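Please take a moment with the sequence and the structure below, and then follow the paragraphs that come after them.

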Amino acid sequence: MSVAIGTLRRPWRWGFWTSVFAVLFAAFLWVTFIRFTRGLGATTNLSDQFPWGLWIGFDILCGVGLAAGAFTIMATVHLFNIHRFEPIVRPTVLTGYLGYLFVCFALMYDLGQPWRIWHAMVYWNEHSVMFEVAWCVMLYTTVLTLEFLPIVLERFGLHKLHRILHSAETPLVILGVVLSTLHQSSLGSLYLIVPEKLHPLWYTTLLPVMFYISAIGAGIGMIIVESHLSGRAFGRELEIDLLEPLARAMVVVLAVYGVLRTETLIHNGAWKLALGSSYEGRMFQLEFGLGVLLPILLLVWPKIRNSATGLVTGASFAVLGFIMNRLNVSVTGLERSSGTHYVPSWMEVMVSVGLVAIGFAAFALAVRYLPIFPEHGSAGHEESSAAKG
Amino acid sequence: MSWGLLYDSTRCIGCGACSAACKEQNALSLPIEKQTTAYTWTVVEKRGGHFTRRLCMHCESPTCVSVCPVGAMQKTAAGPVTYAADKCIGCRYCIQACPFQVPKYQWDRPVPVVGKCIMCEPRIAGGKATACATVCPTGATRFGDREDLVAEARKRIDAEPGRYVDHIYGLQEAGGTSVLMLSAVPFGQLGLPENLPDEPLPLLTWRVLSHLPDVVGVAAVFLYGVRWITQRREYVRQNEGGDAPVEPPSPAHGGGRS
C-alpha cells in the first residue's frame, strides 16, 4: 500500500498505524480468498439454525446506523439553516459515505452469490423489507456520492460541474433525508416478521421507530467520536463550541429513545425480564445502562459537556450502546429460539476489522488529499476557532 | 383447487421411504441425513417415542415468499411453495424468517443455493401425487385436495378421540399451511412451534411497508416547506436588516457555502 507522495503537508512515514494496517490487510486478503473459494461454511460460524451473524449485525446494521450523522447534519445545515455546523459537514459526509461503502463491501462477503446483487433491481418483490432496504441503500449511496463529489471537483478546480451539482443541493439533501428515514427504520422492520423468534426484550411492533431514533442518536455520537479521532490523528483541536450543542441534541434524542423503549417494555410486559438476571436480561442492562442512561447522565451536565474528555466519553458510550443494541437484536435476542449459541469465527471478525481498517485508511487519505477540514478549505470557511458565538 | 399433504404421526412407522423417494425425485445427493439440510428435504424424526416428519409446510401466506427480495420463492395456485435457484442472491432472509425452520443453505459450496421441499411441484403439474405420499406404505402421508384433507383429518379425530390430540396442525398456524398434521401428543413435543399467531406473519411487515409511500410524500413536502421558511427568514434578515426573525440563525457568519 505504498502511496505516491505528492503535495503532502506532512511527509508520509511508515509508522505504527501503517504497520498495523498492512498486517490487517494481508490477513483480510487471505480470508477473502477462503471466503470466495470455499464458501460461507468454511469461513463463518453461521448455520441453518443461525443464518445471520456478525456481518449482518455489525457490518450492515451498525454500518448504516453509525453513518446516520450524514443525513442528520445535512438536514440541520441545509434545511434548518443552522449554519454554524458548516465546518463539520464535510468530515461527516465523508464518514457517512465511507460508512455506506463499507456496508456495500461487507454485503459482498455476506451474500451467498454477491455477483447477483443486481437481481434486486430486476426482480421486484415490494412485499419484502429487504427489497426496500436494498433500493434505499443503493439510492442513498448514490446521493452520498453526489454530496461528496463537490469536494473532489473543488480539489481539481472543476467549477462548472461543481456549480451544476450545487444547484441540485436542496433536492439531493431532501432525497437523502427521506431515503435515510425509510431504510434506517426498515432495518428494524426486518425483524418484525419473527415475533416468535426474537426475544421480547427486543421485539416490539415499534422496531422501525426504535431503529430510526437510535440511529439519529448514534449518528450524532459518531460525529463527536469521529471529530475526536481525526483531531488526534491530524493534530487538530476538538471544536467543543460546535460539538457541545450536538451533545445536547444527542441527549434529547437518547432521552426520547429511552422513554419510548421503557414504555414499550412496560406495555409488552417485558420489564420483569429487563430487570432479571437471565442472559438476555444482563445483555439488555448493559446495552441500556451503558449506552442510553450513562451518556444522558454524563452529558446532561454542562461542565462535562464542555470538557473534551467528558464529551468524547459520553458520545463513545452512546455509540457503544448503539452497537450493542444492534448486536442484541440480531444475535443475542435470537439465540434462545434458535437453540444454538453463535460466536463469530475469527475469519468473520477479520473481514469486519479489515473493512473498518480500510475505512480508516480511506478517511486518512481523503483528509490528506481533499479539502475536508476547514484548514484545508478553499471554500471560504472560517477557522474552527473563529466560529465562536 | 389447492393441493396439500396430510401427515398422520400415529400411522407413521418411521421407515424413511419418504426421504428416499424425495432424494430420488429431486435428484438430491446421498446420504439421507438425520435432520433436514439443503440436500435432504424431508426426514422422519423420533421424539419421545413418537414419529414426526419434517418437511416444508407450504404456508398459505408464506413468510419466505414475502421476505425474499428477488421473489425467488413463490406460492403457486396448486399449493406448493417453489424456489427459483437462478434468481436467489443468497441473503438467507428466508432461512432467518421461516417460522418452521424449513429453508436450508448449502454452506459447504462456494456457489450456494437454498434447498427445501417443493411438494414435488413438477409431479403435481403432471397430475401425479408427491413422491413421498406415493411410496408411504401405511398412508401416514396422504396427498390430496387440502379441503378434503381437512375433512379427513377432522373425521379421524372425531372417530378416535383417544388416539389424537384435538387439533389439526396447519389449519390455522401462521394463517394456515397446505401441509396438515395429526398427532397423539401436543405438537410442541414433536418439535413444531406452538407460539405462532393465527394471522399470516407477512402482515406484520406489510402493515409498515404499505405506508411507506405516504411517508415519502409527507416527509418530502414537509422538508421542502422547512427549507422554504428558513430561506425566507434568511432573505428577510439579510435584506431588511433590523427586523430579524425570532432566532437569528448564526451570529458567527451568514452564508458559508461558496
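In this predicted model, chain A and chain B meet in a contact to which chain B gives 54 residues and chain A gives 53 residues. On the side of chain B that touches chain A, at least two residues each come from helix 2 (63-67), helix 3 (93-97), strand 6 (104-105), helix 7 (202-209) and helix 8 (212-239) of chain B. Helix 8 of chain B provides the largest share of that side, with eleven residues. Sorted by class, the side of chain B that touches chain A holds 35 nonpolar residues, together with twelve polar and seven charged ones.

Chain B itself is divided into domain 1 (3-201) and domain 2 (211-258), and the C-alpha centres of these two domains of chain B lie 58 Å apart.

Turning to chain A, one may begin with the confidence of the prediction. The mean pLDDT of chain A is 90, and 93% of its residues reach 70 or more. Over residues 1-8 of chain A, however, the pLDDT is below 50, and this stretch has six contacts in the model beyond near neighbours in sequence. The pLDDT is also below 50 over residues 376-389 of chain A, a stretch that has 30 contacts in the model beyond near neighbours in sequence.

Within chain A, two pairs of helices can be followed in detail. Two packed helices are described by the angle between their axes and the distance between the axes. For helix 1 (residues 16-38) and helix 16 (residues 346-369) of chain A, the axes come within 9 Å and cross at roughly 130 degrees, which means that helix 1 of chain A is oblique to helix 16 of chain A. The crossing of helix 1 of chain A with helix 16 of chain A is left-handed. Among the residues that meet here are A:F21, A:L24 and A:F25 in helix 1 of chain A and A:M347, A:M350 and A:G354 in helix 16 of chain A. By class, this contact of helix 1 with helix 16 of chain A has 13 nonpolar residues, one polar residue and no charged residues.

The second pair is helix 3 (residues 54-66) and helix 9 (residues 169-189) of chain A, whose axes come within 11 Å and cross at roughly 150 degrees, so helix 3 of chain A is roughly antiparallel to helix 9 of chain A. Helix 3 of chain A also passes helix 9 of chain A in a left-handed crossing. Their contact is formed by A:L61, A:V64 and A:G65 of helix 3 of chain A with A:H183, A:Q184 and A:L187 of helix 9 of chain A, and by class it has three nonpolar, three polar and no charged residues.

Terms used. Residues numbered from 1 in each chain as written. Chains lettered and ligands numbered in written order. Predicted model: local features only at pLDDT ≥ 70, side-chain atom pairs only at ≥ 80, totals over all residues. Contact = placed C-beta atoms within 7 Å. Helix = DSSP H or I, 4+ residues; strand = E, 2+ residues; numbered from the N terminus. Nonpolar A, V, L, I, M, F, W, Y, C, P; charged D, E, K, R; others polar. pLDDT = per-residue confidence, 0-100. Axes fitted to C-alpha atoms, helices over the stretch in contact; angles between N-to-C directions. Parallel < 35°, antiparallel > 145°, perpendicular 65-115°, else oblique. Left-handed = near helix turned anticlockwise from the far one by under 90°. Domains from an automatic or database assignment.
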